[in-house]
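This report examines selected local features of a single protein chain. The sequence and the structure are shown below.

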Amino acid sequence: MADRDGFIWYDGKLVDWRDATTHVLTHTLHYGMGVFEGVRAYETPKGPAIFRLQDHTDRLFRSAKILGMDLPFSKDDINQAHLDVVKANKLQSCYFRPMAFYGSGKLGVAPKKDDVRIIVAAWPWGAYLGEEGLEKGIRVKTSSFTRHHVNITMCKAKANGNYMNSILANNEATADGYDEALLLDVDGFVAEGSGENIFIVRKGKLYTPDLTSALEGITRDTVVQIAQEQGLEIIEKRITRDEVYSADEAFFTGTAAEVTPIRELDRRAIGEGSRGPITAAIQQKYFNIVKGLDAEHEHWLTYVK
Ligand SMILES: Cc1[nH+]cc(COP(=O)(O)O)c(CN[C@@H](CCC(=O)O)C(=O)O)c1O
């Protein structure tokens, strides 16, 4: 990722990609306290458009507040940084990584509170779980790692350090030949994927876990609104792994994962073992919206002019 042409927004300036570096004694590198977002821009008939930019920036600031990090730029600065970086890199579609971290001002558990750095990077990134996964569905394994307890790490913060749990789960699943992991919460109920929220479909109704130990996904919120507009009932409840086994359909949602069907969990086919019809309809609607082909949802798009 480090050796490529382009520019990264770094503490208020666009710097050459290769110069966007930090010292090895950077606090976040050692202790993991930082916050980040994953945001996408898509090519539309009116040029590149960033999907739900304000919602992502709001969550970045909410995450920082939860961790007690004071960000040295405003929400408008961060929104503008996204526009600047997509233009500077001449991207028609891309994935953004805004991230705030504690610098190298001091080490020791307690960070130097006024030493917060922020970057916004952008690069082309296709289907997170593969184009074939989007079409045919992916194979998922229930993780042996438990999702965070809500008072051990802050689950509503998209915090860098939270992702060691995700890496352990994803590594275990892919090492066993699966595409992704599904994590259960401390009580054994379904929480979310290593980087996604989950939905299941049973007898025409959608179910999704309550957000106790899951990240409040923006794609999850988008899918809830799409489903409601399609007249589907969505029930938020505690879901057990065998309810996923018995579901007619299942899918992951996330900015990176978009809407990715789950065709199998723990070697049990979900429904027909392929992308289900309700999943397909939601997925198509989602892609029409993010690609600027759905006039009713233009309010979610920030066009890069
Ligand atoms: C743990 C987790 N849960 C749910 C979601 C879905 O949230 P949202 O993107 O707002 O719908 C994500 C986003 N995962 C991001 C990071 C992926 C990565 O590899 O890093 C993403 O999808 O960009 C998570 O990381």
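## Contacts of Asp-11

In this predicted model, the side chains of Asp-11 and Arg-117 form a polar contact of 2.5 Å. A polar atom of the Asp-11 side chain also lies 2.8 Å from the backbone nitrogen of Ile-118.

Asp-11 is located in the loop between strand E1 (7-10) and E2. Although Asp-11 and Ile-118 are 107 residues apart along the chain, their C-alpha atoms are separated by 5.3 Å. With residues up to four places away in sequence left out, Asp-11 touches Phe-73, Arg-117 and Ile-118.

Thr-26 belongs to the loop between strand E2 (13-16) and helix H1 (27-31). Because its relative accessibility is 1%, Thr-26 counts as buried, the cut-off being under 20%.

The side chain of Thr-26 makes a polar contact of 2.6 Å with the side chain of Thr-22. When residues up to four places away in sequence are not counted, Thr-26 touches Phe-101, Tyr-102, Gly-103 and Ser-104.

How many cavities of 30 Å³ or more does the model contain? The count comes to one, and the largest cavity holds about 30 Å³ of space.

Arg-40, Tyr-42, Phe-51, His-56, Thr-219, Thr-255 and Tyr-286 line the largest cavity. By class, this lining comprises three nonpolar, three polar and one charged residues. Both domain 1 (7-123) and domain 2 (131-290) contribute to the lining of the largest cavity, with at least three residues from each.

Technical notes:
Residues are numbered from 1 along each chain as its sequence is written. This is a predicted model: local features need pLDDT of at least 70, side-chain atom pairs count only at pLDDT 80 or more; totals for chains, interfaces and linings use all residues. Side-chain values use heavy atoms; hydrogens and water are left out. Helices (H or I, at least four residues) and strands (E, at least two) are DSSP runs, numbered from the N terminus. Buried means under 20% relative accessible area, exposed over 50%, partly exposed in between (1.4 Å probe, protein chains only). A polar contact is a pair of N or O atoms within 3.5 Å; within protein, one must be able to donate a hydrogen and the other to accept it, and residues adjacent in sequence count only if both atoms are side-chain atoms. Contact means heavy atoms within 4.5 Å. On a 1 Å grid over the protein atoms alone, a cavity is a set of points where a 1.4 Å probe fits but cannot get out, and a pocket is an open set with protein on both sides within 12 Å along at least five of seven lines; lining residues have an atom within 4 Å of a point. Grid points are joined across faces, edges and corners, and a volume is the space filled by probe spheres set on the points. Ala, Val, Leu, Ile, Met, Phe, Trp, Tyr, Cys and Pro count as nonpolar, Asp, Glu, Lys and Arg as charged, and the others, Gly among them, as polar. Domain bounds come from an automatic or database domain assignment.
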